[in-house]
Structure formats: structure tokens, C-alpha cells
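Please open the structure and keep it beside you. These are short notes for a first reading.

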Amino acid sequence: QVQLVESGGGLVQPGGSLRLSCAASGGSARTFSTYAVGWFRQAPGKEREFVIGRSASGDSTPTADSVKGRFTISRDNVKNTVYLQMNSLKPEDTAVYFCAASPRYYAHSYASTYDYWGQGTQVTVSS
């Protein structure tokens, strides 16, 4: 069983940057390194939406059009941590951000393909 805990959210001005972290525990480091990971977000009154994902080895990183060129995903398999670097933030990026992990190799945009979820961290973009 894998537990995921996000951190790094907060209030940022438009145009600013934030880096979210997602720390994994409960499974072996070797197991988690073989998982696909993804980030999703949910704004008030809206459905949860896919943001960006990363395959187990990083050869595939599907990205939502709304964040292309601004958000990147990375992972540190030694620390069992996944990161979401968010640049040029916009007010419409305001949401609760969730990380997710899947035992599949490739990351998909469908939430149903992920078995493990964090509790979420709030990101607010406002002046």
C-alpha cells in the first residue's frame, strides 16, 4: 500500500512560481520507482482534471494543453518524491492539487487509472 502526501501549496501572485512535492511511503522504493505518477487538480465547483503525468522511466510526460510550457513534472527515486514545478501561474490555476500513482508503466489522463492518491494541497493564484 502506497501513501502519498503533497506539500508546497500556498498563495502566489500571477506570474509567480511554486513547486509542489509528493512524498511516497508505505511501499518499497523499488516498487514506487516503477509506477507512473500524475498530478490532477480540482477547482471549486469543477470536476477533477488531469494536469500532467510521467511514465515510470520518464520517456512519456502527457500534459494538459492548459499548462503546456509552464508546468513540468519530475521525480527523485532516491527520495521517493514527485515534483510539480509550476511557472507563470495564472488565476485560473487556482485549485486543490492532487498527486496520484499507478502501477502501470505509462501515465494516463484518466483518474480511474490511478490506484493511490494524496490528500491534496491548495494553490491560490491571486494578487
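This is a predicted model: local features need pLDDT of at least 70, side-chain atom pairs count only at pLDDT 80 or more; totals for chains, interfaces and linings use all residues.

The numbered points below go from the whole chain down to single residues.

1. Now the overall build. The chain has one helix and 10 strands. In sequence order the pattern is β-β-β-α-β-β-β-β-β-β-β. The C-alpha trace spans about 40 × 25 × 25 Å along its principal axes. A compact globule of 127 residues would have a radius of gyration near 14 Å, and the chain has 14 Å, so the two agree.

2. Next, surface and contacts. Of the 127 residues, 44% are buried. The accessible surface comes to about 6300 Å², and 48% of that belongs to carbon and sulfur atoms. Take the contacts between residues at least 6 apart in sequence: 60% of them join residues at least 24 apart.

3. Look at strand 1, residues 3–7. In a regular strand, side chains alternate between the two faces of the sheet. In strand 1, Leu-4 and Glu-6 make up the covered face, while Gln-3, Val-5 and Ser-7 make up the uncovered one. Strand 1 runs antiparallel to strand 3 (residues 18–25), and five bridges join them. Ser-7 stands opposite Ser-21 in strand 3.

4. Stay with Glu-6 in strand 1. Is Glu-6 buried or exposed? Its relative accessibility is 4%, so Glu-6 counts as buried. Leaving out residues up to four places away in sequence, Glu-6 touches a list of residues that includes Trp-39, Tyr-97, Phe-98, Cys-99 and Gln-119. Glu-6 and Gln-119 are 113 residues apart along the chain, yet their C-alpha atoms are separated by 7.0 Å.

5. Strand 4 deserves a careful look. Six of its seven residues are buried, so strand 4 is largely enclosed by the rest of the structure. Strand 4 pairs with strand 8 in the antiparallel sense over seven bridges. There, Gln-42 stands opposite Val-96 in strand 8. Strand 4 also pairs with strand 5 (residues 49–54), again antiparallel, over five bridges. In this pairing Val-37 stands opposite Arg-54 in strand 5. The hairpin of strand 4 and strand 5 has six residues between the strands, and Gly-45 takes a positive phi near 75°.

6. Turn to the aromatic rings. A ring pair is described by the distance of the centres and the angle of the planes. How many aromatic pairs does a search of the whole structure find? It finds seven. Take Tyr-35 and Tyr-116: their ring centres are 6.1 Å apart and their planes are at 10°, so this pair is stacked. Stacked means planes under 30 degrees apart. The pair links distant parts of the chain. Tyr-35 lies in the loop between helix 1 (29–33) and strand 4 (36–42), whereas Tyr-116 is in strand 9, 81 residues apart. Tyr-35 is buried at 11% relative accessible area. Tyr-116 is buried too, at 15%.

7. Compare another pair. Tyr-105 and Tyr-106 are edge-to-face, with 4.8 Å from centre to centre and 80° between the planes. Tyr-105 is partly exposed at 34% relative accessibility. Tyr-106 is partly exposed as well, with 42%.

8. Some rings form a group. Phe-40, Phe-50, Tyr-114 and Trp-117 are linked into a cluster by ring pairs. Arg-48 lies over the face of Trp-117, at 4.9 Å from the ring centre. A second ring also has a charge over it: the charged end of Arg-75 sits over Phe-32, 5.1 Å from the centre of that ring.

9. Finally, check two backbone angles. Most residues other than glycine have a negative phi. Asn-80 has a positive phi near 55° and is not a glycine. Asn-80 lies in the loop between strand 6 (71–76) and strand 7 (81–86). Its relative accessible area is 10%, so Asn-80 is buried. Ser-88 also has a positive phi, about 50°. Ser-88 is in the loop between strand 7 and strand 8 (95–102). With a relative accessible area of 41%, Ser-88 is partly exposed.

Note on methods:
Residues are numbered from 1 along each chain as its sequence is written. Side-chain values use heavy atoms; hydrogens and water are left out. Rings of Phe, Tyr and Trp (its six-membered ring) pair if their centres lie within 6.5 Å; planes under 30 degrees apart count as stacked, over 60 as edge-to-face and the rest as tilted. Helices (H or I, at least four residues) and strands (E, at least two) are DSSP runs, numbered from the N terminus. Buried means under 20% relative accessible area, exposed over 50%, partly exposed in between (1.4 Å probe, protein chains only). A charge sits over a ring if NZ of Lys or CZ of Arg is within 6 Å of the ring centre and within 35 degrees of the ring normal. The radius of gyration is taken over C-alpha atoms; the globule rule is 2.2 Å times the number of residues to the power 0.38. Contact means heavy atoms within 4.5 Å. Accessible areas come from the Shrake-Rupley method with a 1.4 Å probe; for residues, only the protein chains shown count as cover. Two strands pair if DSSP finds at least two bridges between them.
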